[in-house]
Amino acid sequence: MADTARLQQALGYEFADPQLLDLALTHCSAGKRNNERLEFLGDSIINHIVTEAIYRQAPAASEGEMTRMRASLVRQETLAEVATELHLGE
């Protein structure tokens with residue numbers, strides 16, 4: 001729980017259900033109870049948030065330009081960097 005407390009502090013957000021946070025951080029290789037369903041939901045949420053931010057911050061950008069911007073932000077390497085900064089691997 002100390003690790004999740006540190007994560008919550010880094011995020012500036014306290015989860016109402018700490019067990020849900022633990023589940024969200026549990027890879028499918030850890031067993032039957034894992035984060036795959038939450039990952040599916042989270043991927044959609046990340047895409048939505050980034051899409052909305054790009055839409056608001058780049059009012060002159062075309063759909064193609066916005067799509068390329070989103071693809072550069074919502075990709076494995078970028079998300080892995082964020083996860084590393086938050087020490088999620090620990």
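1. **Elements.** Helices (H or I, at least four residues) and strands (E, at least two) are DSSP runs, numbered from the N terminus. The chain has 5 helices and 0 strands. Read from the N terminus, the order is α-α-α-α-α. The radius of gyration is 15 Å, well over the 12 Å that the globule rule gives for 90 residues, so the chain is more spread out than a compact globule. That radius is taken over C-alpha atoms, and the globule rule is 2.2 Å times the number of residues to the power 0.38.

2. **Basis.** This is a predicted model, where local features need pLDDT of at least 70, side-chain atom pairs count only at pLDDT 80 or more, and totals for chains, interfaces and linings use all residues. Residues are numbered from 1 along each chain as its sequence is written, and side-chain values use heavy atoms, with hydrogens and water left out.

3. **Overall dimensions and surface.** Along the principal axes, the C-alpha atoms fill a box of roughly 45 × 25 × 25 Å. The accessible surface of the chain is about 7,300 Å². Carbon and sulfur atoms hold 56% of that surface. Areas come from the Shrake-Rupley method with a 1.4 Å probe; for residues, only the protein chains shown count as cover.

4. Of the 90 residues in the chain, 13% are buried. Buried means under 20% relative accessible area, exposed over 50%, and partly exposed in between (1.4 Å probe, protein chains only). Take the contacts with a separation of 6 or more: 23% of them join residues 24 or more positions apart. A contact means heavy atoms within 4.5 Å.

5. T4 belongs to helix α1, residues 2–11. Is T4 buried or exposed? Its relative accessible area is 8%, so T4 is buried. Setting aside residues up to four places away in sequence, T4 touches L21, D22 and L25.

6. G89 sits in the segment after α5 (76–85). G89 counts as exposed because its relative accessibility is 84%. G89 and L25 are 64 residues apart in sequence. In space, their C-alpha atoms are 9.2 Å apart.

7. Y13 is partly exposed, at 49% relative accessible area. F15 is partly exposed too, at 27%.

8. **A nonpolar patch on the surface.** Which residues form the nonpolar patch? They are L41, I45 and I49, with about 280 Å² of accessible area together. Patches are made of residues with over 30% relative accessible area and no salt bridge; like charges are joined within 9 Å, nonpolar side chains (Val, Leu, Ile, Met, Phe, Trp, Tyr) within 5 Å. I45 lies in helix α3, residues 36–57. Its relative accessibility is 42%, so I45 counts as partly exposed.

9. **Salt bridges.** How many salt bridges are there? The count is 2. The rule asks for a side-chain nitrogen of Lys or Arg within 4 Å of a carboxyl oxygen of Asp or Glu. R56 and E52 form one, at 3.0 Å from N to O. Both are in helix α3, and they are separated by about one helical turn because they are 4 residues apart. R56 is exposed at 62% relative accessibility, whereas E52 is partly exposed at 33%. E77 and R75 form a bridge at 3.0 Å, N to O. E77 is partly exposed, with 45% relative accessible area. R75 is partly exposed at 36%.

10. **L73, in α4.** L73 is placed in helix α4, residues 63–73. At 41% relative accessible area, L73 is partly exposed. Which residues does L73 contact, leaving aside neighbours within four places in sequence? They are V50, I54, T78 and L79. S44 is 29 residues from L73 along the chain. The C-alpha atoms of L73 and S44 are separated by 14 Å.
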